[in-house]
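Please read this report alongside the sequence and the structure shown below.

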Amino acid sequence: MCGIVGFSGRREAAGLLVAGLRRLEYRGYDSAGVATVGGGRMALRKTSGRVRVLEQALEAEPAAGPCGVGHTRWATHGPPTDRNAHPHLGGRGGEVAVVHNGVIENHAALRRELEGLGYRFVSQTDSEVVAHLLAQALEALGGADLLGALERVLPRLEGTYGLAAVSPRCPGEVVGARLGSPLVVGVGDGEHFLASDPLAVAPYTANVAYLQDGELVRLTPAGFEIRHRLTGPVTPRVDRIDWKPDAVELGGHAHYMLKEIREQPDVVLDACRGRIARGEATATFGGLNLTHKQLRRVRRIVLAACGTSWHAAMAGEYLIERLAHLPVEVEYAGEFRYRNPPLDAGTLVIVLSQSGETADTLGALRESKRRGQTTLAIVNTVGSTIAREADGGIFLHAGPEVGVASTKAFTAQVTVLTLLALYLGRLGNLSFAEGKGVIDAIDRVPDALGRVLETEPTVEAAAQRVSPARNALYLGRDLHFPVALEGALKLKEISYIHAEGYPAAEMKHGPIALIDPETPCVFVAPRGPLHAKTLSNVEEVRARGGPVAAVGTEGDDELAGLSGIFLPVPDLPEVVQPLLAVVPLQLLAYHAARLRGCDIDKPRNLAKSVTVE
Ligand code: AGP
């Protein structure tokens, strides 16, 4: 999932395109490039490596012109090389430049056809076919109608795309199209932007128009027009993005991940704001679009998601079953969408996604809607595709999450799922007193999180002992099992230490074979009804010489005594313990990765929003 930008205005484009690419670098960062048009000429600059490498190339050889496109890549077809970097030139004389986010599934057949017509390919990418097809269509239309040419090309493409293109034959024009990959227009005064994510245009305008699937756009300095490839002209809806300007700034923190970990006390407050109905000891949501009557008819909930959002969904399963006694199934979205699981009228499908653009989760949503299911989405990114397509939903209000390794979004997702479980529970058998107990517990979380963040020096010291490891095991019971999974994912993602999360009870059935003095076992074990069981599991690891680290309740001397590393969290009711216990694990992964010299905000091979299957 790449990041693409476009600009048409009176200012020089190159600097603005590069600034936009830097903000989109979380989407892919293995190569980058820009193409600008000015004075009837097109300049192309592209390099493998980070956007800063492209910047150096542009310092050495500037690219002129008040209109252009840019791209930062996450390779799908062809390794990250200068040749495979975007933009790709199309036509025998390089008449057009194209940037693409997505996958053209029929690229091989199109390539053969175009090579047969004498078009020369210089890259191994699927995207280059679009450039040649566009040049071919522009030629056929007499060379001046870039939008018309793009409209001709789209029916030939199978797969997904967010596209943008320029041509020296159509000065001042940027065209684009969307099918499956996000694209938004930034509406300025005498200038217009195109981007994969509003983040890229935030410094210049808060007015954005989201393209829907099947739509094309043409930007000029004076304005923009959108049309749907099947139904013609579209009246654009311009939304206002309500971000605090510094929301995407590092703000003095060493990394976005660390900044976002430290934001979590406020994240919980923001996720709860206006959603707690104390008088009825329940929660309230404005966007579910479901009546109490409809909700009482729900007999089963399916939670579908990917990655960290899937771990949050797992915690949601435990919380909803505990507070609302409703059966919950947690599904990997990529499996759920093709598995054809039985879904009846009483099943509510809820998808979870930070970005709101993850292709597999969007696919699970569309498959459920196609089968007539009522769908909800728990999403962070306002205006994202999943948010717009679900029947109803709950926004996380966590603010933009830039670090590729998700942290605050997980905490916001679990907070929202706790409120949802409370809400559903109070529609059923959860008593006023029990509801009040949950609310009182949630109220104590922000302060308690502040105290957990103060233990960072302890976690940092612990990371010294974990960072040399090649493998690690994360173990937890009940609500702490999903937290163990999430802790393992964080370590894997950013430190590249192989880590697995397991239910602690499951350890004896296989993973125990992995225990040795070099493999840290991290237990997630705040006090609770199953604490004694977990202590036995700790003993089983110690008996085999395995080093034990544990997240436990402050003052739990027994667990501390059994653990080489003890990471304390305040003593709060079990229902909110996952919100506390995950933070030392996020910090442990962060500091282990830092000690290993890893690129924390842009870990290898990953991208923040996975918009291809
Ligand atoms: C988590 O740190 C990863 N970035 C990844 O697993 C992520 O959670 C997954 O791709 C789902 O993303 P989403 O929440 O934006 O849909």
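The lining of the largest cavity is made up of five nonpolar, five polar and four charged residues. The model is a predicted one. Searching the whole structure gives three cavities of 30 Å³ or more. The largest cavity holds about 90 Å³ of space. Its lining has 14 residues, and those closest to its centre are Arg-477, His-480, Pro-526, Leu-530 and His-531.

At least two lining residues come from each of helix H9 (307-324), E20, H11 and helix H16 (480-495). Sorted by class, the lining of the second largest pocket contains nine nonpolar, 10 polar and five charged residues.

What span should the 12 residues of helix H11 have at 1.5 Å a residue? The helix, residues 359-370, should span 16 Å, and this agrees with its end C-alpha atoms, which are 16 Å apart. H11 is mostly covered, with nine of its 12 residues buried. The buried residues are Ala-359, Asp-360, Thr-361, Leu-362, Gly-363, Ala-364, Leu-365, Glu-367 and Ser-368. They pack against strand E18 (300-305), helix H10 (333-339), strand E20 (347-353), strand E21 (374-379) and helix H12 (385-389). After H11 comes Gly-372, which has a positive phi, near 80°.

Aromatic rings form another topic. A pair of aromatic rings is described by the distance of the centres and the angle of the planes. The count of aromatic pairs in this model is four. Two of these pairs are listed here.

| Ring pair | Distance of centres | Angle of planes | Arrangement |
|---|---|---|---|
| Phe-193 and Tyr-204 | 4.9 Å | 5° | stacked |
| Trp-310 and Tyr-332 | 4.1 Å | 5° | stacked |

The Phe-193 and Tyr-204 pair counts as stacked because its planes, at 5°, are under 30 degrees apart. This pair links distant parts of the chain: Phe-193 is in strand E10 (residues 192-195), and Tyr-204 is in the loop between E10 and strand E11 (207-210), 11 residues apart. Is Phe-193 buried or exposed? Phe-193 counts as buried, at 4% relative accessibility. Tyr-204, at 26% relative accessibility, counts as partly exposed. Ring pairs also bring in Phe-7, so that Phe-7, Phe-193 and Tyr-204 are linked into a cluster.

The rings of Trp-310 and Tyr-332 are stacked as well. Trp-310 lies in helix H9 and Tyr-332 in strand E19 (residues 328-332), so this pair ties together parts that are 22 residues apart in sequence. Trp-310 is buried, with a relative accessible area of 10%. Tyr-332 is partly exposed, with a relative accessible area of 45%.

The last topic is Arg-152, which is found in helix H5 (residues 146-153). Its relative accessible area is 49%, so Arg-152 is partly exposed. Which residues is Arg-152 in contact with, leaving aside its neighbours within four places in sequence? The contacts are Ala-137, Ala-140 and Leu-141. Arg-152 and Gly-251 are 99 residues apart along the chain, and their C-alpha atoms are separated by 46 Å.

Technical notes. Residues numbered from 1 in each chain as written. Predicted model: local features only at pLDDT ≥ 70, side-chain atom pairs only at ≥ 80, totals over all residues. Heavy atoms only, no water. Helix = DSSP H or I, 4+ residues; strand = E, 2+ residues; numbered from the N terminus. Expected span 1.5 Å × (residues − 1). Buried < 20%, exposed > 50% of the residue type's maximum accessible area, 1.4 Å probe, protein only. Contact = heavy atoms within 4.5 Å. Nonpolar A, V, L, I, M, F, W, Y, C, P; charged D, E, K, R; others polar. Phe/Tyr/Trp six-rings, centres within 6.5 Å; stacked < 30°, edge-to-face > 60°. 1 Å grid on protein atoms, 1.4 Å probe; cavity = no way out; pocket = protein on both sides within 12 Å on 5 of 7 lines; lining within 4 Å. Points joined across faces, edges and corners; volume = space filled by probe spheres on them.
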